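Please consult the sequence and structure shown here alongside the text.

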Amino acid sequence: MIEIKTDNDIKKMRYAGRLLAETIALVGEHIKPGVTTRELDEIAERYIHKAGARPCFKGYGGFPASICCSVNDEIIHGIPGDRELLPGDIVSIDAGVEKDGFCSDSAKTFAVGEISAENKKLLTVTEESLMEGLAQALPGNRLGDISHRIQEIIEAAGFGVVRNYTGHGIGRNLHEDPDVPNYGAAGRGLRLTKGMVIAIEPMVTVGSHKNKTLSDDWTVVTLDGSNAAHFEHTVAITASGPEILTKLD
């Protein structure tokens, strides 16, 4: 069932979204060679708690940390630990915040020092696909309009679109209906309406989109060892168009 949010609901989600944007920006400031992914998790958790909010990920389905830190060939759900970031790495930070009964969800992939031209292109294309896709989040459009535009951007660049993980609805719960795939046909699927709030999150690979889950039962990696990127925003569908709730400005 899809829950349509009121203006007051979206106001609360806007606050949770900004807090999450601040958290991810703060974590990004500390991303450098030598830092451990656990240190990044601790920075995020302290900031979220200081703001009187709750990290949505910690304990969700048994996940042990407040953020996901996915490095290089890790697509999503990387568990923070003792791994030190190295020059040339890319690291995806995915997090969620709950405040006043509503959740926000966002992700961004960061460069660790100077990265390769291929990795730069990967990050640029993934973020572009997110922004182009969410521009289709208009009342009257179809869910497939978002999915198709994301796929179009990614595949035109020669990259792979992860298919077995998707975006999702969001609100009082971190994951709600509907699923928001990153591939599909324009003009197909659910009709979008004012008051829907969705998390749009392209996950993109340099090589094949095929993947597997490691023995920790969380970390998803590319099957061919190629690098992956992940960008995500929580987006409200309004009468005047899409509103990104997880941004700073």
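## Helix pairs

The crossing of α3 and α4 is right-handed, a crossing being right-handed if the near helix is turned clockwise from the far one by less than a right angle, and left-handed if anticlockwise. Helices (H or I, at least four residues) and strands (E, at least two) are DSSP runs numbered from the N terminus. This is a predicted model, in which local features need pLDDT of at least 70 and side-chain atom pairs count only at pLDDT 80 or more, while totals for chains, interfaces and linings use all residues. Residues are numbered from 1 along each chain as its sequence is written, and side-chain values use heavy atoms, with hydrogens and water left out.

Two packed helices are described by the angle between their axes and the distance between the axes. Axes are lines fitted to C-alpha atoms, for helices over the stretch in contact, and the angles run from 0 to 180 degrees between N-to-C directions. Helix α3 (residues 117-134) packs with helix α4 (residues 143-156) at an angle of about 155°, and their axes are 8 Å apart. α3 and α4 are therefore roughly antiparallel to each other; angles over 145 degrees count as roughly antiparallel, under 35 as roughly parallel, 65 to 115 as roughly perpendicular and the rest as oblique.

On the α3 side the contact is made by Val125, Glu128, Ser129, Glu132 and Gly133, and on the α4 side by Ile146, Arg149, Ile150, Ile153 and Ile154. Contact means heavy atoms within 4.5 Å. By class, the residues of the contact of α3 with α4 are 5 nonpolar, 2 polar and 3 charged. Here Ala, Val, Leu, Ile, Met, Phe, Trp, Tyr, Cys and Pro count as nonpolar, Asp, Glu, Lys and Arg as charged, and the others, Gly among them, as polar.

The crossing of α1 and α2 is right-handed, with axes that come within 9 Å and cross at roughly 150°. Leu19, Glu22, Thr23, Leu26 and Val27 of α1 meet Leu40, Ile43, Ala44, Tyr47 and Ile48 of α2. The contact of α1 with α2 has 8 nonpolar, 1 polar and 1 charged residues.

## Helix spans and buried faces

| Helix | Length | C-alpha span, first to last | Expected span |
|---|---|---|---|
| α1 | 23 residues | 33 Å | 33 Å |
| α4 | 14 residues | 20 Å | 20 Å |

Buried means under 20% relative accessible area, exposed over 50% and partly exposed in between (1.4 Å probe, protein chains only). Among the buried residues of α1 are Asp9, Ile10, Met13, Ala16 and Gly17. The buried residues of α1 pack against α2, β4, β5 (102-111), β9, β14 (233-238) and β15 (241-244).

In α2, the buried residues are Thr37, Leu40, Asp41, Ile43, Ala44, Glu45 and Ile48. They pack against α1 (7-29), β1 (54-55), β2 (67-71) and β4 (90-99). Gly52 follows α2 and has a positive phi, near 75°.

The buried residues of α4 include Leu143, Gly144, Asp145, Ile146 and Ser147. Those of α4 pack against α3, β6 (160-161), β8 (176-180), β9 (197-200) and β10 (203-205). Just after α4, Gly158 takes a positive phi of about 85°.

## Prolines and backbone angles

Pro55 lies in strand β1 and is buried, with a relative accessible area of 3%. Leaving aside neighbours within four places in sequence, Pro55 is in contact with Ile48, His49, Ser66 and Gly96. Val35 is 20 residues from Pro55 along the chain, and their C-alpha atoms are separated by 21 Å.

Another proline, Pro178, is found in strand β8. The peptide bond from Asp177 to Pro178 is cis, with omega near 0°.

Asn72 is found in the loop between β2 and β3 (74-76), and at 15% relative accessibility Asn72 counts as buried. His77 is found in the loop between β3 and β4, and at 23% relative accessibility His77 counts as partly exposed.

Methods: The expected span of a helix is 1.5 Å times one less than its number of residues.
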